[in-house]
Amino acid sequence: MAAVTTATAATLISNLWAETVEYAANDVRGVVNFVTDTGEKYFGPGGGNILFPNIATIGATAYLGGTTAITFTANTEGTTTVTPTVIYTAVQLYEDVLNTTIVDAARAYAPVLAEGLYQNIEETILGKHATTVTTVGTSSAGYNFLEADFLTGLAQLHANAKDKAVPGKIYGIYHALQYDNIMAVQNIVSAAVRGENNGPAKTGVIGLSNGVNMFFTTNVQLLTANMCNLLIAPKWLILARKNRPKIEMERSNLATNVVASTMYGVTVQWSNCGVRHIT
């Protein structure tokens with residue numbers, strides 16, 4: 001492979017940028033897809049913060065007919081403030097590496113650098129588990145997934161979130177080490193119960209159960225040995241970005257510096273849209 005020269009740097013940077021944006025957009029990124037991701041919608045000035053409109057719920061009143069006066073609710077608009085952070089991953093590729101790798105080293109590293117950014121975002125989101133209104137399960141040693149706790153948590157989510165909890169658009173985020181315990185629950189995997197010919201018992205994959213999309217990740221946060229699993233509706237949390245993850249390059253001292261970065265912040269918007277299930 002020829003070395004990355006100054007003459008080709010601009011072209012390579014442009015190609016890397018296009019390739020990385022495509023990679024970031026098309027690859028499934030776990031819990032990022034389960035919360036309210038604003039993209040770059042709110043990009044305006046905020047004194048170092050990202051600001052979102054936040055209007056409190058307004059209840060309906062029965063109309064009594066005739067000339068009955070309408071009662072107006074006082075305006076309730078407010079602002080949710082997110083303090084964003086710049087995160088980055090970086091690698092320095094020396095000339096001997098650039099000249100001897102079997103593939104373009106800068107291109108090979110681009111998706112790995114992007115992966116590190118998304119990993120950080122997911123860990124930050126799942127770190128907000130303590131903001132949920134309700135907790136089910138127990139922190140007792142050896143306490144694993146129980147269907148009764150799962151259903152209690154789901155019932156509480158519906159009660160707390162009301163119309164914001166929509167069956168089929170609720171997400172259960174569980175630690176991967178609970179997979180075996182969940183797969184042992186017949187009501188979740190049995191074709192006789194689910195009415196499916198090609199259900200979880202045959203495929204080994206749990207999709208939708210009791211209106212909940214099941215997802216497994218070791219990014220679920222731990223409190224000592226306890227797993228802080230979550231049942232959430234998307235309005236639980238806002239993921240605010242100032243920019244999408246991007247790749248930038250520069251040449252110095254016979255090396256190519258490749259840096260991936262993004263600026264984002266998270267905040268819980270509706271704490272009643274989340275239930276923590278401790279195992």
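Biologist: Which residues make the nonpolar surface patch?

Modeller: A patch is made of residues with over 30% relative accessible area and no salt bridge, where nonpolar side chains (Val, Leu, Ile, Met, Phe, Trp, Tyr) are joined within 5 Å and like charges within 9 Å. A salt bridge is a side-chain nitrogen of Lys or Arg within 4 Å of a carboxyl oxygen of Asp or Glu. Areas come from the Shrake-Rupley method with a 1.4 Å probe, and for residues only the protein chains shown count as cover. Here Tyr63, Ile70 and Phe72 form a nonpolar patch of about 440 Å². This is a predicted model: local features need pLDDT of at least 70, side-chain atom pairs count only at pLDDT 80 or more, and totals for chains, interfaces and linings use all residues. Residues are numbered from 1 along each chain as its sequence is written, and side-chain values use heavy atoms, leaving out hydrogens and water.

Biologist: Is Tyr63 buried or exposed?

Modeller: Buried means under 20% relative accessible area, exposed over 50%, and partly exposed in between (1.4 Å probe, protein chains only). Tyr63 has 58%, so Tyr63 is exposed.

Biologist: How many residues of strand β10 are buried?

Modeller: Strands (E, at least two residues) are DSSP runs, numbered from the N terminus. In β10 (residues 226-232), seven of seven residues are buried.

Biologist: Which strands does β10 pair with?

Modeller: Two strands pair if DSSP finds at least two bridges between them. Strand β6 (residues 170-174) is joined to β10 by three bridges, antiparallel, with Ile173 opposite Leu230. Five bridges, also antiparallel, link β10 to β13 (residues 274-278), where Ile278 faces Cys228. Strand β9 (residues 222-223) runs antiparallel to β10 with two bridges.

Note on methods. Helices (H or I, at least four residues) and strands (E, at least two) are DSSP runs, numbered from the N terminus.
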